[in-house]
Structures are given as structure tokens and as C-alpha cells.
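Dear colleague,

Please find below the structure that I am handing over to you, followed by an account of what was found in it.

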Amino acid sequence: MKIIVLFGSPHKEGNTKKLLDVVIKRLNEMGHETETIYLYDKKIKPCLGCFACQKQKEGFGCVQNDDAQKIAEKILESDQIILATPIYSWFCTGVMKNLLDRIVFFMNKIYLGQKGTKMMKSKKISLVITCGLEPKTSTDLFERGMMRFAIHCGMFYMGSVHIKCVGKPLTDENKKSAVKFADFIVKQDMQ
Ligand SMILES: Cc1cc2nc3c(=O)[nH]c(=O)nc-3n(C[C@H](O)[C@H](O)[C@H](O)COP(=O)(O)O)c2cc1C
């Protein structure tokens, strides 16, 4: 299985990366290929809401020339997508939100009344999240948002691993949750 990880934290050695590393290690041990894209290193402008992408049935058709379309190509080449992000104001970080807005439009040709292609249809998506407050009331909105995003795009939402981090090393329990998550998304994929 080919898994693309869209990494949305500004910290390459921070809480989210530490949790993600456990997930990736487990996936690699099981023989799955992973590629991580550091979104903070990329140029991803906000969606202009111009609808140009909807007027073009083939390809992405986005008028903005930045890294979003290259990332979208990687998404199309992969079997699963993992979004790894810290919670910022009850959602993902801004750069990840920019990407989500761009791809939900230029990969779903359905917004001008026509029944066009949903290019991410049948892809699997899951989440690796860290937060500073209680997960129950800090990761819930992003998780629900992404469940709806997946349904809207015809994708399968696979679940999440989310932990509260306060800059300390991961606990054994945190690591166990990350391993369990990796096992789960692989097992679900085979069903
Ligand atoms: C701008 C900003 C907004 C944040 N908003 C929230 C929030 O709404 N809820 C929450 O639980 N934690 C929030 N946090 C805390 C981070 O989610 C948490 O510290 C996370 O583990 C940081 O991950 P990182 O080390 O990968 O950056 C916020 C942190 C920052 C810097």
C-alpha cells in the first residue's frame, strides 16, 4: 500500500511529528510505503473561489500556480492519505486548511450543477492529531469536519489517533495508541 502523509505542523520535531513517527515506523515495518509532505515547506495559496476548476472537466483546472496541484497528483497516486496536524483553534493548521479547500474544489467537478467526476473517490483518509487541551472538546470538530469531507468526496474515513501533548516525550500509552491506529488502517484497507 502506498500512503501519502500530509504533515501540517510547523514543528518538524514537535508533538505531532513524534506521534506520526510511531505510526510511520509501524506502517513501514508492515511493508507499506509512506511519503511525507511537509506542508509548511510548500506554497499553498488559499482557494479564490473563482470556479475556474469547475468549468474544466479534465485535470485540475486551477488558475493558481503553486504546489497544491503537485500534492494533488501525489494524492491520486496513493491508496491512503494521512493528515497529520496539531489542532489550531479547534481545526487543522491554516496551511492544511488551504490545501483542503483547494482539493475539495478542483478535484470534485460537481459545483456548477453537473454530475462530474470526484477524483478522490474511494481513497482512504485518516488523521493523526495532537492538541493541548482535552481531545474530547478540541479534536472533535476537525474529526467531524473530515468525516463530512470524506463523505462529500466519496472517500472512506478510516479514523484517527489523537493525543493531548504538552511537550513531554510520548508515553507508552501514546505509542500503543499510535501502533493500534496503524494496524487498524491497514486491517480496514484489506477488508
Ligand atoms: C496557534 C495555536 C492554536 C492552538 N489551538 C489549540 C486548540 O484550539 N485546541 C487545543 O487543544 N490545542 C491548541 N493548540 C495547542 C497545539 O495543538 C498542541 O500544542 C500541539 O500538540 C502542537 O503540536 P506541534 O508540536 O506539532 O506543533 C494550539 C497551539 C497553537 C500554537
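In β5, F156 is the bridge partner of K124. Strands β4 (residues 124-131) and β5 pair in the parallel sense over 8 bridges, where two strands pair if DSSP finds at least two bridges between them. Helices (H or I, at least four residues) and strands (E, at least two) are DSSP runs, numbered from the N terminus.

Please note that this is a predicted model, in which local features need pLDDT of at least 70 and side-chain atom pairs count only at pLDDT 80 or more, while totals for chains, interfaces and linings use all residues. Residues are numbered from 1 along each chain as its sequence is written, and side-chain values use heavy atoms, with hydrogens and water left out.

The sheet is open and has 5 strands in the order β2-β1-β3-β4-β5, with parallel pairing. Its edge strands, each pairing on one side only, are β2 and β5 (156-164). On average, neighbouring strands are turned by 15 degrees against each other, direction ignored; axes are lines fitted to C-alpha atoms, for helices over the stretch in contact, and angles run from 0 to 180 degrees between N-to-C directions. Helix α3 packs on this sheet and touches β1, β2 and β3 (80-86), its direction making about 145 degrees with that of β1; contact means heavy atoms within 4.5 Å. Helix α4 lies across β1 and β3 and runs at about 145 degrees to β3.

There are 5 aromatic pairs, counted where the ring centres of Phe, Tyr and Trp (its six-membered ring) lie within 6.5 Å; planes under 30 degrees apart count as stacked, over 60 as edge-to-face and the rest as tilted. One of them, F7 with Y38, is edge-to-face, at 5.3 Å centre to centre and 70 degrees between the planes. Since F7 lies in strand β1 and Y38 in strand β2, this pair ties together parts that are 31 residues apart in sequence.

The count of cavities of 30 Å³ or more comes to 3. A cavity is a set of points on a 1 Å grid over the protein atoms alone where a 1.4 Å probe fits but cannot get out, and lining residues have an atom within 4 Å of a point. Grid points are joined across faces, edges and corners, and a volume is the space filled by probe spheres set on the points.

The largest cavity has a volume of about 100 Å³. Helix α4 (residues 94-106) gives the largest share of its lining, 3 residues. The lining residues of the largest cavity include C47, F51, R102 and F106.

Yours sincerely

Methods: On a 1 Å grid over the protein atoms alone, a cavity is a set of points where a 1.4 Å probe fits but cannot get out, and a pocket is an open set with protein on both sides within 12 Å along at least five of seven lines; lining residues have an atom within 4 Å of a point.
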